[in-house]
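Please read the following report beside the sequence and the three-dimensional view. The text begins with a single residue and then widens to the elements around that residue.

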Amino acid sequence: MAFDIQVVVDSTAPHELADWWAEALGWQVEPQDESFIARMVQAGAASEADTMRHRGALVWTLGAALTSPEPGRPRVLFQRVPEERTVKNRLHLDVRVGPERREAEIARLVSLGAIELWRGSQGPMAWATLADPQGNEFCVA
């Protein structure tokens, strides 16, 4: 039996980071059901501290998720954690755009707030390693 996966990224500001990655990838931030959240608070299953307003909408404080406009791609969840990232990622995302679009995409991502860290190549493959606004490393290849 094969299982589905989602990618989870720890973040001190998951809603803001989800917004950044949605813009970076051309994906959508999943809408959260405000009426459901309000009912959970009213029923005592959650507290006001479990919620916040983001871009005017009532959302769960714990996180935000992205989905691709194309079916079959894994969901990406940005999950709130209290600590800042302190060491190199043990897992990273590769944004695969192809050699003809790589430089333009690197420039676009840097203009959105990414930081270019270094360049690499191996045989015919070349990539740039960048960091998102919270320091999570990813590659553009």
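E137 is found in strand β10, where helices (H or I, at least four residues) and strands (E, at least two) are DSSP runs numbered from the N terminus. The model is a predicted one, in which local features need pLDDT of at least 70 and side-chain atom pairs count only at pLDDT 80 or more, while totals for chains, interfaces and linings use all residues. Residues are numbered from 1 along each chain as its sequence is written, and side-chain values use heavy atoms, with hydrogens and water left out.

With a relative accessible area of 12%, E137 is buried; buried means under 20% relative accessible area, exposed over 50%, and partly exposed in between, with a 1.4 Å probe and protein chains only. When its neighbours within four places in sequence are left aside, E137 is in contact with R85, K88, N89, H92, L93, L117, W118, T129, L130 and A131, contact being heavy atoms within 4.5 Å.

Strand β10 belongs to an open sheet of four strands, which has the order β7-β10-β9-β8 and mixed pairing; two strands pair if DSSP finds at least two bridges between them. Because β7 (93–95) and β8 (115–122) stand at the edges, each with a single partner strand, one side of each is left without a neighbour in the sheet. From one strand to the next, the twist averages 25 degrees; axes are lines fitted to C-alpha atoms, for helices over the stretch in contact, and angles run from 0 to 180 degrees between N-to-C directions. Strands β7 and β10 (residues 137–140) run parallel and are joined by three bridges, and V95 stands opposite V140 in β10. Helix α3 (residues 102–111) lies across β8, β9 (125–131) and β10, and runs at about 0 degrees to β9.

Rings of Phe, Tyr and Trp (its six-membered ring) pair if their centres lie within 6.5 Å, with planes under 30 degrees apart counted as stacked, over 60 as edge-to-face and the rest as tilted.

| Pair | Distance between ring centres | Angle between planes | Class |
|---|---|---|---|
| W20 and F138 | 6.0 Å | 65 degrees | edge-to-face |
| W21 and F138 | 4.8 Å | 70 degrees | edge-to-face |

Since W20 lies in helix α1 (residues 14–25) and F138 in strand β10, their pair ties together parts that are 118 residues apart in sequence. The pair of W21, in helix α1, and F138, in strand β10, likewise links distant parts of the chain, 117 residues apart. W20, W21 and F138 form one aromatic cluster. Both W20 and F138 are buried, F138 at 0% relative accessibility, and W21 counts as buried at 4%.

Another strand to follow is β5 (residues 63–67), which is largely enclosed by the rest of the structure because four of its five residues are buried. Strand β2 (residues 28–29) runs antiparallel to β5 and is joined to β5 by two bridges, with V29 opposite L66. Strand β6 (residues 75–80) pairs with β5 in the antiparallel sense over four bridges, and F78 in β6 is the bridge partner of A64.

As for annotation, an unreviewed UniProt entry places the feature "domain: Glyoxalase-like" at residues 6–140; UniProt positions are given in the numbering used here, feature names are shortened, and annotations may be inferred rather than shown by experiment. This span is 23% helix and 36% strand, and its end C-alpha atoms lie 20 Å apart.
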